Amino acid sequence: MGNGWHEWPLVLFTVIGQCVTGALIVGGLGWMACADNSENRARLTRSLFFLWLLMGIGFIASMMHLGSPLRAFNSLNRIGASALSNEIAAGSLFFAVGGLWWLVAVIGKMPEALGRIWLVVSMALGIVFVYAMSRVYQIDTVPTWHNGYSTAAFFLTMLLSGPLLAALLLRLARIPFNGGVFAFISVLALLASVAVVIMQAADLATISSSVQQAAALVPDYAALQVWRLALLAAGLGCWICPLLWRREPQVFSLLAGLLLVLAGELLGRGLFYGLHMTVGMAVGG
């Protein structure tokens, strides 16, 4: 029993990967909207460097979990047959294609049409990456993971943290950004997260084996989820409150909000790994 922090490399890798994917989608839309202002686009392109820096940190964390880079290469041997191989392949492809797009774009030699197509492909690969990540945990012998809550949680992290990171990068690049629509999407993701927590907590009470009760895996599960949701609400509030006051959020406010949201999602992902429960035969209600 525990809170799942023994899997901290995977906690970092999954949360960072999902955050970067969401930020690339929102930031990429901003990049395409800057077509008529080369100075704005150049500043935004430089700002997007932080996405690939974070993605690099995430991959370093994943290597620490595997023990050595060689194991990562070996795990690619079963692409198509292994969910783990598919995850590593999808993540590597997203990192390579998106990172190369950024490199060509920052040099300033990117043709407009090619840049848009390349960027859209990178966004799509990010979504494939998040989906491939979620499939790793659809294991029929782990009933606490083998459900729609796991997949929902991964995509909700993308919607909660990604737009906020993008808003911060756009603000750093001094790009005019009306984030109302994306803030609303993040609020909806928060409400969906509340629903997932409630439904999953009820479901845990129905899962058991001959030696374990799923509800006992993380004794403080309910309290920690309340703290997690409070962090998410406070973080989004740092972004949304200025918008409600018809003011442009400042860098400090957006950074504080992002750190709070990431803290909440890291806590939630730790709880997710804490719910690991391998059984031969499980009894479900």
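## Terms and basis

A residue counts as buried when its relative accessible area is under 20%, as exposed when over 50%, and as partly exposed in between, using a 1.4 Å probe and protein chains only. By that rule F154, at 1% relative accessibility, counts as buried.

The model is predicted, and local features need pLDDT of at least 70, side-chain atom pairs count only at pLDDT 80 or more, while totals for chains, interfaces and linings use all residues. Residues are numbered from 1 along each chain as its sequence is written, and side-chain values use heavy atoms, with hydrogens and water left out.

## Aromatic pairs

A search of the whole structure finds 18 aromatic pairs, where rings of Phe, Tyr and Trp (its six-membered ring) pair if their centres lie within 6.5 Å, and planes under 30 degrees apart count as stacked, over 60 as edge-to-face and the rest as tilted. The ring centres of F49 and W102 are 5.5 Å apart with planes at 45°, so this pair is tilted. Because F49 lies in helix α3 (residues 49-66) and W102 in helix α5 (residues 83-107), the pair ties together parts that are 53 residues apart in sequence; helices here are DSSP runs (H or I, at least four residues), numbered from the N terminus. F49 counts as partly exposed at 35% relative accessibility, whereas W102 counts as buried at 14%.

For F154 and F272, the ring centres are 5.7 Å apart and the planes stand at 65°, so the pair is edge-to-face. This pair links distant parts of the chain, with F154 in helix α7 (residues 148-172) and F272 in helix α10 (residues 251-274), 118 residues apart. F272 counts as buried, at 8% relative accessibility. Elsewhere, F13, W52, F59, F94, F95 and F129 form one aromatic cluster.

Note on methods
Helix = DSSP H or I, 4+ residues; strand = E, 2+ residues; numbered from the N terminus.
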